[in-house]
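Biologist: I am new to this structure and would like to learn how to read it. Could you take me through a few features, with the general idea before each case?

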Amino acid sequence: MADGGGWRPPRPCEAYRAEWKLCRSARHFLHHYYVHGERPACEQWRRDLASCREWEERRSAEAQRSLCESERARVQATRKHALVWALRQSPPADWHLPLPQEEKDQ
Amino acid sequence: MKHSGCAVNKERHFSCEDCNGNVSGGFDASTSQIVLCQNNIRNQSHMNRVVTHELIHAFDHCRAHVNWFTDLRHLACSEVRAANLSGDCSLVNEIFRLHFGLKQHHQTCVRDRAILSILAVRNISKEVAQKAVDEVFESCFNDHEPFGRIPHNKTYARYAHRDFQNRDRYYANI
């Protein structure tokens with residue numbers, strides 16, 4: 001993680017506010033309950049919004065630390081499960097090739 | 001898709017055809033082409049969902065070594081992801097199918113539709129298909145690439161796109 005010089009919150013503060021607002025909406029409650037069978041947890045978005053604003057206003061080191069920790073935890077959560085397949089280093093070689101001639105002729 | 005090196009060209013990567021049965025579409029990995037069944041796609045909403053579903057297969061083909069024809073687990077994984085992320089299993093769509101359920105019903109739908117999709121393209125028993133889905137479900141249900149979340153509607157899709165556009169700033173500052 002970069003030090004205070006040149007660092008800024010990973011998302012604009014408005015993005016944290018929008019995520020918190022979406023998380024707390026009735027519609028999201030319904031979606032989340034339908035998918036996960038429990039109510040959504042929105043408190044972390046609120047904390048991140050507060051940290052973001054604190055950074056914007058006071059360049060607080062604690063706010064920076066808290067935001068980084070929170071976002072890293074989000075990234076880690078997405079990497080919790082091992083992938084079923086191996087990722088490619090480059091896209092399939094034949095993606096852009098023309099279709100086989102016999103299909104074109106049909 | 002473009003960011004992954006597989007820019008999509010409508011003329012090259014899509015084909016509208018008449019299909020047997022009630023299949024809505026498919027992804028042909030051998031030709032890198034999405035097939036849309038013009039005789040079975042009912043309306044614009046259905047079309048949007050089918051295109052999204054098949055693009056998820058195309059995206060998986062682009063970013064990973066998916067052994068479509070030789071590894072049932074790979075096929076199962078992509079079908080779980082497509083059912084999960086395309087809107088196939090939205091509450092409204094399930095109600096239209098007369099499948100009523102709320103608490104965690106989305107996951108039941110994803111499992112069931114993934115199994116149906118596998119059975120549509122593989123001559124195997126339902127039990128074998130179900131076993132493959134069960135084995136990969138935990139990993140593949142929670143793989144929300146490229147969205148980072150399940151895009152339930154346009155708002156979620158917009159937020160996902162915003163995060164994608166912000167990715168450089170994001171990873172540089174965590």
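Predicted model: local features only at pLDDT ≥ 70, side-chain atom pairs only at ≥ 80, totals over all residues.

Biologist: Is B:Leu98 buried or exposed?

Modeller: B:Leu98 counts as exposed, because its relative accessibility is 62%. Its phi is near 65 degrees, a positive value in a residue other than glycine. B:Leu98 sits in the loop between helix H4 (91–96) and H5 of chain B.

Biologist: And is B:Ser32 buried or exposed?

Modeller: B:Ser32 is buried, with a relative accessible area of 1%. The loop between strand E2 (25–28) and E3 of chain B holds B:Ser32. B:Ser32 has a positive phi of about 55 degrees, although it is not a glycine.

Biologist: Which residues does B:Ser32 touch?

Modeller: Contact means heavy atoms within 4.5 Å. Not counting residues up to four places away in sequence, B:Ser32 touches A:Asp94 and A:Trp95, together with B:Arg12, B:His13, B:Phe27 and B:His61.

Biologist: Where does B:Leu85 lie?

Modeller: B:Leu85 is in helix H3 of chain B, and it is buried, with a relative accessible area of 1%. Leaving aside neighbours within four places in sequence, its contacts include B:Thr52, B:Ile56, B:Glu145 and B:Phe147. The peptide bond from B:Glu145 to B:Pro146 is cis, with omega near 0 degrees. B:Pro146 belongs to the loop between H6 and helix H7 (154–165) of chain B.

Biologist: Which residues touch the most other members of the largest nonpolar core?

Modeller: A nonpolar core is a set of buried Ala, Val, Leu, Ile, Met, Phe, Trp, Tyr and Cys residues joined through side-chain atoms within 4.5 Å. The largest one has 40 residues, and B:Phe27, B:Leu36, B:Val80, B:Val110 and B:Val133 touch the most other members. Two or more residues come from each of strand E3 (33–37), helix H2 (44–63), helix H3 (72–85), helix H5 (105–121) and helix H6 (126–141) of chain B. Apart from this core lies another, of twelve residues, among them A:Trp7, A:Cys42, A:Trp45 and A:Leu67.

Biologist: What is B:Val110 in contact with?

Modeller: Beyond its neighbours within four places in sequence, B:Val110 is in contact with B:Val80, B:Ala83, B:Asn84, B:Cys89, B:Phe137 and B:Phe141.

Biologist: How should I read the packing of two helices?

Modeller: Two packed helices are described by the angle between their axes and the distance between the axes. Axes are lines fitted to C-alpha atoms, for helices over the stretch in contact, and angles run from 0 to 180 degrees between N-to-C directions. Under 35 degrees counts as roughly parallel, over 145 as roughly antiparallel, 65 to 115 as roughly perpendicular and the rest as oblique. H3(B) and H5(B) pack at about 130 degrees, with their axes 8 Å apart, and they are therefore oblique to each other.

Biologist: What about H5(B) and H6(B)?

Modeller: Their angle is about 130 degrees and their axes are 9 Å apart. That makes H5(B) oblique to H6(B). Among the residues making this contact are B:Val110 and B:Ile118 of H5(B) and B:Val133 and B:Phe137 of H6(B). Taking Ala, Val, Leu, Ile, Met, Phe, Trp, Tyr, Cys and Pro as nonpolar, Asp, Glu, Lys and Arg as charged, and the others, Gly among them, as polar, the contact of H5(B) with H6(B) has nine nonpolar, three polar and three charged residues.

Biologist: How many helices and strands are there in chain A?

Modeller: Chain A has five helices and one strand, and from the N terminus on they run α-α-α-α-β-α. Of its 106 residues, 38% count as buried.

Terms used. Residues numbered from 1 in each chain as written. Chains lettered and ligands numbered in written order. Heavy atoms only, no water. Buried < 20%, exposed > 50% of the residue type's maximum accessible area, 1.4 Å probe, protein only. Helix = DSSP H or I, 4+ residues; strand = E, 2+ residues; numbered from the N terminus.
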